[in-house]
Amino acid sequence: MDRTLLGKALGAIASYAEARDVPAARVVFCDAAPHDAGYLPVTEIAGRLRVHGRGGTVLQPGIDLLHRAADFPPGAPVLVITDGYCDVLRVRREHAYLIPQSARLPFTPRGPVFHVR
């Protein structure tokens, strides 16, 4: 995913969280392996967040990391940001996808799909 589009997607997360008084969000980047950035203040997500990777097409290890994390609430939803070039995902909790306007997922999603321009 290119830098500009990723910035817009992260900004969307920050705006949504701020509007709902969510103080922080758990951020996991996927590349060759998942990188858990932990819980980040919403203002940091919208600001100068240092992105690790940006080349990941295998996202399931990041989802699995959240499923196993003792400090990630079982009822917390997951938002998957991808450009559509990814593996088939199995997300066992409430979830949604945020993808570019022109992209398609390589599988039939079970959660809602939102688009960013």
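**Cysteines, a strand pair and a buried aspartate**

Good morning. Cysteine 30 counts as buried, because its relative accessibility is 15% (buried means under 20% relative accessible area, with a 1.4 Å probe and protein chains only). Please note that this is a predicted model, in which local features need pLDDT of at least 70 and side-chain atom pairs count only at pLDDT 80 or more, while totals for chains, interfaces and linings use all residues. Residues are numbered from 1 along each chain as its sequence is written, and side-chain values use heavy atoms, with hydrogens and water left out.

Cysteine 86 is likewise buried, at 12% relative accessibility.

I turn to the strands (DSSP runs of E, at least two residues, numbered from the N terminus). S3 runs parallel to S4, residues 95-100, and four bridges join them. Valine 80 stands opposite tyrosine 97 of S4.

Aspartate 87 lies in the loop between these strands, S3 and S4. Aspartate 87 is buried without a salt bridge (a side-chain nitrogen of Lys or Arg within 4 Å of a carboxyl oxygen of Asp or Glu). Arginine 90, the nearest side chain of opposite charge, is 6.8 Å away. A polar atom of the aspartate 87 side chain lies 3.2 Å from the backbone nitrogen of glutamine 60.

Technical notes
Pairing = 2+ DSSP bridges. Buried < 20%, exposed > 50% of the residue type's maximum accessible area, 1.4 Å probe, protein only. Lys, Arg positive; Asp, Glu negative; His and termini not counted. Polar contact = N/O pair within 3.5 Å; in protein donor to acceptor, adjacent residues only side chain to side chain.
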